[in-house]
Each structure stands twice: as C-alpha cells, then as structure tokens.
Amino acid sequence: TPIKSSAASDVYKRQIPMSLSSIMSSFNKNIDSFTVVSGLKKFMTERDAKAQYGILGGKVDTLTSLPLSINIAFATALVPTISRAIASGDKETTTKRVSFSLMASMLIGLPCTIGMMVFADPILHLLYPAQPEGALLLQISSLTIIFTILDQTINGTLQGIGKVMIPAISLGCGMLAKLVINLLLVSNPSFGANGAAIGSVVCHMVAFSIAFTTLRKNIKLNLRIGNFLIKPIIATVIMSICSLFIYNVLLGIISQALATIIAIIFAMVIYAISVVALKILSKEEIFMIPYGQKIYKVLEKLGIYR
C-alpha cells in the first residue's frame, strides 16, 4: 500500500545516512593507517614508525574512546524523544531535553578530557607498565574527547529532527581536514606522530562546529554560558588541582599504580562535589537524572538547594 511504501521510504532515508556515518567513522580511523607509517618513514626506520603507529592506534585511540561509551546513552535516547516532541509541535520539551543533554555531555566530557591530559603518564604506566610510552600523544588526543562527546549528542538530536545527512557531512569535512593535516605534519620531524593526533583534534573540532551551527539554526537552545561553560571549567580545575596534589603526596608513600587509582577516585568525588556546590544543574535538570528526585531531596536536606 502507499502508506507502507511511504513508511519504508522514510526508514531507508534515515538508515542510509546513518550507515554512511558509520562507514565514514571507520574510514576516519583508517586515515592514520595509510598516512602515519609512510610519513614517519621519511625520517625514521620502518620499525620505529610502526611502533609509533602502534602507540597511536592501540593505546591512545583505545583510551580516548572509553569516555564515549558513557555518553552514548544520551545520544541514543535523544532520537525518539526529539522525534516525538517535534511531531507533536512541543518546542519547549525539545529545547529543555536537548539543552540538558548538551549540559550532561559537557559535564561528562570536560573532566574526562582534562583528567586524561593531567594523568596521561600515570595512566599509561598503570595500564601498560612494560611499555608506558605515548604520554604526549595521549595528552594531545585527549582534546578530541570533549568535541566527540558533544558531537555525539548533537548528532542524536539532528537525527531526531530529520537532519540525518548533517552528521555524515560534518564528519566528512572533518576527515578531509585530518587528511590534509596528517599529510603536512606527520612527515615533519618536529611533529611526527603528534601531527596525526593534532589532525584528529582538528577533525572533531570541524565536525562539532558544523553540527552545532546546524543545531542552533533549527532548535532554540537554553544554554547559559555560566552554567554550561564557566562553572564546569571551574569544577574541572578544582578537580585537577586537588587530585594532582593527592597523587604527588601519595607517590612518595605508596606505589605509582596505587597512587594513580586513588587519585582518579578522589578526582571523581571532588568533581561531583564541585558540580553540586557550584549549583551547575537546576532543580528541573536534576529531576531529569535517574533517581533525580531522591538526589534532590538529599541536597535539600544538606541545605545546598532550597
């Protein structure tokens, strides 16, 4: 029937761009595979070049991908939620849900980014004690985390409002930028493999910029710069200073591995306390969190929220 045919057509219109985005994401990772080793071989041996690529593609990419799994729930949940709100013409719900999801992504991505940069060397020593090389590569690549996490959430929204081609287009532009930077920097001895890490950062910055610009043109966002950017930065700085202090104090008393684990645990606790103390989330936003009402009641009893 015509109705079934139309529904099937809509499904294909969504599935094809989403599949294209997945294919491009895989191809994006492969850019390093055919540019890094060939570029590094111009000023080092093939063995050393492959070792550098192994650090980049093995250790660094694995570690910077871990925080994305935490945020994927927000991006996945947005698609049906936004689709329903758009279909019913509920612009208020759309604004609130998208704004909260972006806020949550910022609160997840920013500490992961800075934490990975600050503790790059201890983390590598903890996870790869026999071969802990690659701290600078990890520090540079950590900058991709915040842009990728925000982009993940934005792409979920864009798919929900029917802008299914934008994620593929934005990633395609980012990939082109990465390819150019890789070709220019990796073969330069001053950059080497770090050039590929810089290329990845630029790739995700470009993809995020295009996606975010499109989002703002289609949805009204309720993001106050103080709560969305300034306060999370303050909370992250507090977390970094305190956890680094704890790490340095413990380092002379216990093993580096144990000091790293304790410092990371303290970092998470300190960050959570800072987010609450700075009142980054409003009452309504706290209610959107799982068990939000119970959490708010506790915060009320503590006199933090009234």
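I take axes as lines fitted to C-alpha atoms, for helices over the stretch in contact, with angles running from 0 to 180 degrees between N-to-C directions. I work on a predicted model, in which local features need pLDDT of at least 70 and side-chain atom pairs count only at pLDDT 80 or more, while totals for chains, interfaces and linings use all residues. I number residues from 1 along each chain as its sequence is written, and side-chain values use heavy atoms, with hydrogens and water left out.

**Entry 1. Helices α4 and α10**

I looked up helix α4 (residues 120–127) against helix α10 (residues 256–277): their axes come within 9 Å and cross at roughly 125 degrees. I take helices (H or I, at least four residues) and strands (E, at least two) as DSSP runs, numbered from the N terminus. That angle makes α4 oblique to α10; the classes are roughly parallel under 35 degrees, roughly antiparallel over 145, roughly perpendicular from 65 to 115, and oblique for the rest. α4 passes α10 in a left-handed crossing, that is, the near helix is turned anticlockwise from the far one by less than a right angle, clockwise being right-handed. I list Asp121, Pro122, Ile123, His125 and Leu126 of α4 as meeting Gln256, Ala257, Thr260, Ile261 and Ile264 of α10, a contact being heavy atoms within 4.5 Å.

**Entry 2. Helices α3 and α6**

I then turned to helix α3 (residues 91–118) and helix α6 (residues 143–160), which pack at about 160 degrees with axes 7 Å apart. α3 and α6 are therefore roughly antiparallel to each other, and α3 passes α6 in a right-handed crossing. The contact includes Ser101, Met106, Gly109 and Met116 of α3, and Ile146, Ile149 and Thr153 of α6.

**Entry 3. The chain overall**

I count twelve helices and zero strands in the protein chain. Of its 306 residues, 42% count as buried; buried means under 20% relative accessible area, exposed over 50%, and partly exposed in between (1.4 Å probe, protein chains only). Among contacts in the protein chain with a separation of 6 or more, 76% join residues 24 or more positions apart.

**Entry 4. Nonpolar cores**

I define a nonpolar core as a set of buried Ala, Val, Leu, Ile, Met, Phe, Trp, Tyr and Cys residues joined through side-chain atoms within 4.5 Å. The largest has 31 residues, and those with the most contacts inside it are Leu40, Leu56, Val60, Leu63, Met116, Leu137 and Leu138. Helix α2 (residues 46–87) gives the largest share of this core, six residues. A second, separate core of 28 residues includes Met106, Ile146, Ile219 and Tyr305. For leucine 56, leaving out residues up to four places away in sequence, I find contacts to Asp32, Val36, Asp61, Leu137, Ser141 and Ala196.

**Entry 5. Glutamate 285**

I located glutamate 285 in helix α11 (residues 283–287). Glutamate 285 is buried, at 13% relative accessibility. Leaving out residues up to four places away in sequence, glutamate 285 touches Phe100 and Ile280. Glutamate 285 and serine 101 lie 184 residues apart in sequence and 9.5 Å apart in space, C-alpha to C-alpha.

**Entry 6. Cysteines**

I find zero disulfides in the structure, a disulfide being a pair of cysteine sulfur atoms within 2.5 Å. The closest cysteine sulfur to that of cysteine 173 is in cysteine 203, 10.0 Å away and so too far for a bond. Cysteine 173 is partly exposed at 34% relative accessible area, and cysteine 242 is partly exposed at 32% relative accessibility.
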